[in-house]
Amino acid sequence: MPRGGKKNHKGRGKQFSNPEEIDRQMRAQREKEEKEGAESGSSSESEEESSSDEEPKRRGVEGLIEIENPNRVSQKSKKVVEIDVNAPKELSRREREEIEKQKAKERYMKLHLEGKTDQARADLARLAIIKKQREDAAKKREELRKEKEAEEAKSKR
């Protein structure tokens, strides 16, 4: 016996199931499923009516010991009739923050378009400066064009 008391199974002969044995087991399982299906099919209607009002089956020790855990939330399924579509939906914290963020952005954009924010004022001042520079450049070009025309007119005479 090796150290630690564990047996080594390596090198042992492998055991294979007979094909007839496998077929017999599969037939037995099919018959069992058919019997269960036939029994549940006839009594399924009465079980559905009675099980909808009762609590779910308790597993293990739950059936023996009555517990009152205030933190335990029981899962109750709601019927389609009981669901109120028009009831206000409670939003999660992330959803609320996302909506608040969008509203704040919309308010800022509205004020920005009206020219009431610091950034909008700076943009408008920058635009005014650029507009003034472009007007000056256009006047200068116009004056140069007029001078050239005047020089051409003198040279032709």
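Me: Is Glu 142 buried or exposed, or something in between?
Reply: Glu 142 is partly exposed, with a relative accessible area of 32%. Buried means under 20% relative accessible area, exposed means over 50%, and partly exposed is in between, using a 1.4 Å probe and protein chains only. This is a predicted model, in which local features need pLDDT of at least 70 and side-chain atom pairs count only at pLDDT 80 or more, while totals for chains, interfaces and linings use all residues. Residues are numbered from 1 along each chain as its sequence is written, and side-chain values use heavy atoms, with hydrogens and water left out.

Me: What does Arg 145 form with Glu 142?
Reply: A salt bridge, with the closest N and O atoms 2.2 Å apart. The term means a side-chain nitrogen of Lys or Arg within 4 Å of a carboxyl oxygen of Asp or Glu. Arg 145 is partly exposed too, at a relative accessible area of 41%. Salt bridges with shared partners join Glu 142, Arg 145 and Glu 149 into one network.

Me: How many salt bridges are there by that rule?
Reply: Seven. Asp 118 is exposed, at 63% relative accessible area, whereas Arg 121 counts as partly exposed at 47%.

Me: And which residue does Glu 21 meet?
Reply: Arg 24, through a side-chain salt bridge of 2.4 Å, N to O. Both are in helix α1, three residues apart, so they too are separated by about one helical turn. Glu 21 is partly exposed at 31%, and Arg 24 is partly exposed at 46%.

Me: Zooming out, how many helices and strands does the chain have?
Reply: Three helices and zero strands, in the order α-α-α along the sequence. Helices (H or I, at least four residues) and strands (E, at least two) are DSSP runs, numbered from the N terminus.

Me: What share of the residues is buried?
Reply: Of the 157 residues, 3% count as buried. The accessible surface of the chain comes to about 16800 Å², and 50% of that belongs to carbon and sulfur atoms. Areas come from the Shrake-Rupley method with a 1.4 Å probe; for residues, only the protein chains shown count as cover.

Me: Where is His 112, and is it buried or exposed?
Reply: His 112 is in helix α2 and is buried, at a relative accessible area of 19%. Leaving aside neighbours within four places in sequence, His 112 is in contact (heavy atoms within 4.5 Å) with Thr 117, Gln 119, Ala 120 and Asp 123. His 112 and Asp 123 are 11 residues apart in sequence, with their C-alpha atoms 9.8 Å apart in space.

Me: What comes just after α2?
Reply: Gly 115, which takes a positive phi of about 85°.

Me: Which residues make the nonpolar surface patch?
Reply: Val 61, Leu 64, Ile 65 and Ile 67 make a patch of about 420 Å². Patches are made of residues with over 30% relative accessible area and no salt bridge; like charges are joined within 9 Å, and nonpolar side chains (Val, Leu, Ile, Met, Phe, Trp, Tyr) within 5 Å. Val 61 is in the loop between α1 (19-51) and α2 (93-114).

Me: Last topic, where is confidence lowest and where is it highest?
Reply: Among the helices, α1 has the lowest mean, 76, and α3 the highest, 94. The score is pLDDT, the predictor's confidence in each residue, from 0 to 100. For the chain the mean is 82, and 86% of the residues reach 70 or more.

Me: Over which residues does pLDDT stay under 50?
Reply: Residues 44-53, for which the model has zero contacts beyond four places in sequence.
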